[in-house]
Amino acid sequence: MIKKKPAGDTLKKQLTERARDRVHTFVLKGGLFRGAFINGTRMVNEMRANFDYGILETFTAGQAYLAAGLLSSTLKGHDRLNLSIDCSGPIKGLSVDANAFGEVRGYLKQAPIPLTGPLSDFNLSRFFGSGFLTLTKYLEDMKQPYTGRVMLAHGNIAEDLAHYFVTSEQTPTVFALGIRFDTEGAVAGAGGLFLQAMPGADDALRGRLEDRIRDFPSPGSLMAEARDPETVITDFFSDYTPKCLSRERIEFFCRCTEEKISGYLFMLPLSDLAEMAENGPFPVETRCHNCGTIYRFSKGQLEDMLEKRRNA
């Protein structure tokens, strides 16, 4: 992939923010609850730059990126997952991938998102409408992917993911996702919290913890204030014996390359490839839908592909 530099970026800022982007995993009450906290500020900013998203598009896709990043903490080895939404509203849907290496990529199915008037708040329910949320896990030790699907119940990614886990996997789960913009509309902070009850957690304890979570500050605001995630975890859950386990990288990253994209062009029907090599327009531009990277191919490159194809 080719990453665009976010507006106003400097090398120092780039390196500092990438070092801060992490998923911090932890347990509470000796393992009765597992959780993760993500700082994905740089990830969301890079995603926005590559797709040239506006504020609403960044908020929507950014929340899905944060959610997928949090769920990547449950993966191992070469495991990966896909979070997708298909809906009737103006957003139309989204698709986001994450893997155990902390690489996140994905896109909105409609961008820009059509607006009928000024954006007054970030209540996304009217933009999602009715539809389905699907979570697919590609686990290394399973022959077939595991797919679960639920109807959208809230039009809110955090709440609909919690609904998914209770409904599809019978696991009480809480998500908190937040993106804070500064006065210029730039992403100042992007963060999220994931907390899941494990077998053995009784209803009373789970209820008290759910009540506590309602008072959890906006993760986006916490990251905009440069708060240390591990300190946030240990302070907020101090009476639940928190234990921080790991801090792993998280990054907007796609494994597309010019070579891969040229391979797709090479496999087009011969007539289509010939038409493209003859008439262009040049350079021919092909965009990776997962990361927004544009690859450009000259007339000479296409003619070489065509010759190799005919001689194959």
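**Notes on the salt bridges**

1. In this predicted model, Arg180 has a relative accessibility of 35% and therefore counts as partly exposed. Its salt-bridge partner is Glu225, with 3.9 Å from N to O between the two side chains. Because Arg180 belongs to strand β8 (residues 173–181) while Glu225 sits in the loop between α7 (219–224) and α8 (229–236), the pair ties together parts that are 45 residues apart in sequence. Glu225, at 46% relative accessibility, is likewise partly exposed.

2. A second salt bridge joins the side chains of Asp239 and Arg212, at 2.8 Å from N to O. Asp239 is found in the loop between α8 and β10 (243–249) and Arg212 in helix α6 (residues 203–213), so this contact ties together parts that are 27 residues apart in sequence. Both partners count as partly exposed, Asp239 at 43% relative accessibility and Arg212 at 24%.

3. Salt bridges that share partners also link Lys3, Glu17, Arg42, Glu46, Glu103, Arg249, Glu251 and Arg255 into one network. Within this group, the side chains of Arg42 and Glu46 meet at 2.9 Å, N to O, and the two residues lie four apart in helix α2 (residues 41–51), which is about one turn of the helix.

4. Are Arg42 and Glu46 buried or exposed? Arg42 has a relative accessibility of 3% and counts as buried, and Glu46 is buried as well, with a relative accessible area of 2%; the cut-off for buried is under 20%.

5. For context, the structure holds 18 salt bridges, and the pairs described above are among them.

Notes: Residues are numbered from 1 along each chain as its sequence is written. This is a predicted model: local features need pLDDT of at least 70, side-chain atom pairs count only at pLDDT 80 or more; totals for chains, interfaces and linings use all residues. Side-chain values use heavy atoms; hydrogens and water are left out. A salt bridge is a side-chain nitrogen of Lys or Arg within 4 Å of a carboxyl oxygen of Asp or Glu. Buried means under 20% relative accessible area, exposed over 50%, partly exposed in between (1.4 Å probe, protein chains only).
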